[in-house]
Amino acid sequence: MMKTDNRKIALVGTGMVGMSFAYSLLNQSVCDELVLIDVDKKRAQGEAMDLNHGLAFSPANMKIYAGSYSDCQDADIVAICAGVAQKPGETRLDLLKRNAEVFRSIIEPVTASGFHGIFLIATNPVDIMARITYELSGFPRERVIGSGTTLDSARLRYLLGEYLQVDPRNIHAYVMGEHGDTEFVPWSQALLSTKPVLEICEESSGELCFSDLEKISLEVKNAAYEIIEAKKATYYGIGMSLTRIARAILGGENSVLTVSACLSGEYGEENVYAGVPCILNQNGVSRILTVSLTKEEKEKFHRSCETLRSSFDGLNL
């Protein structure tokens, strides 16, 4: 039987993040068709050429080309990595306002193309940009997703794995809230296999201690700043986490990832996008998994959501 199922991703923004995502998609053979869209059409064409020249070495049999918004019509996912960079001395809110304008110029032509798939947002501040996309597109909330704290959670598992000397894939721990300064780790929910990490610390006769865990959460939070200071930007990690999200969606995996999703009552929060563990499949966020937070963790999450709400309200969209 002929295969008619064509997994298609439209990528808007061919900067470092967008192209790290594209390169990762090619190496992991995640989709059949990839269209690159950028205001700088020549840049998009050059990037498509460069990727195509690697096809012979790739496991993928992918169709890669530069296109326009009309190509989004039959895409399964439109990933937005476009945006303006922060100018020296510019406030976060000023940056937000400029990025909101950029998004307006993207989302209108994408929805006008007849696109009815899933929006996947990577542009920072990602939680607010995801909410802007949700408001501007009029799409159902489960079909607008931000990359959220997927990368922060991966960083956490890596560092915790090093600390406990165990494969990070056997660690189940999440970073929740804003992808930014108010994010936090609910340690009450961190597990090694099925055993709580806090319990392991208690039983270690002082070898492992809670202050080390707090150091790890701080390291996770500041990782991006450190990388930016060293190499001006971060892109490989986020490119790979976007690939992981795309694979969960296109494969209908029902995988749990901490994406930025729209809360409507979960954790007592309304009308806000924040990083929370979600079950992802071909419909987008199939459901938000509400984990049992302690009173203190709930307060941290609420503070994070309040920060995100006030930033969004400051935009007066």
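Ground rule for naming: helices (H or I, at least four residues) and strands (E, at least two) are DSSP runs, numbered from the N terminus. I'm working on a predicted model, where local features need pLDDT of at least 70, side-chain atom pairs count only at pLDDT 80 or more, and totals for chains, interfaces and linings use all residues. Residues are numbered from 1 along each chain as its sequence is written, and side-chain values use heavy atoms, with hydrogens and water left out.

Entry 1, largest pocket. I looked up its lining (a pocket is an open set of 1 Å grid points, over the protein atoms alone, where a 1.4 Å probe fits, with protein on both sides within 12 Å along at least five of seven lines; lining residues have an atom within 4 Å of a point). There are 49 lining residues, and Val-84, Leu-95 and Thr-123 are among those nearest the centre. H3 gives the most, six residues.

I found 21 lining residues, with Thr-150, Ser-153, Ala-154, Arg-157 and Arg-244 nearest the centre. Elements giving two or more residues here are H5, strand E7 (171-172), helix H8 (236-250) and E10. H5 has the largest share, seven residues.

I placed Thr-258 in strand E10 (residues 255-264). Is Thr-258 buried or exposed? Thr-258 counts as buried because its relative accessibility is 2% (buried is under 20% relative accessible area, exposed over 50%, partly exposed in between; 1.4 Å probe, protein chains only). Leaving aside neighbours within four places in sequence, I list its contacts (heavy atoms within 4.5 Å) as including Thr-150, Ser-153, Tyr-174 and Pro-277.
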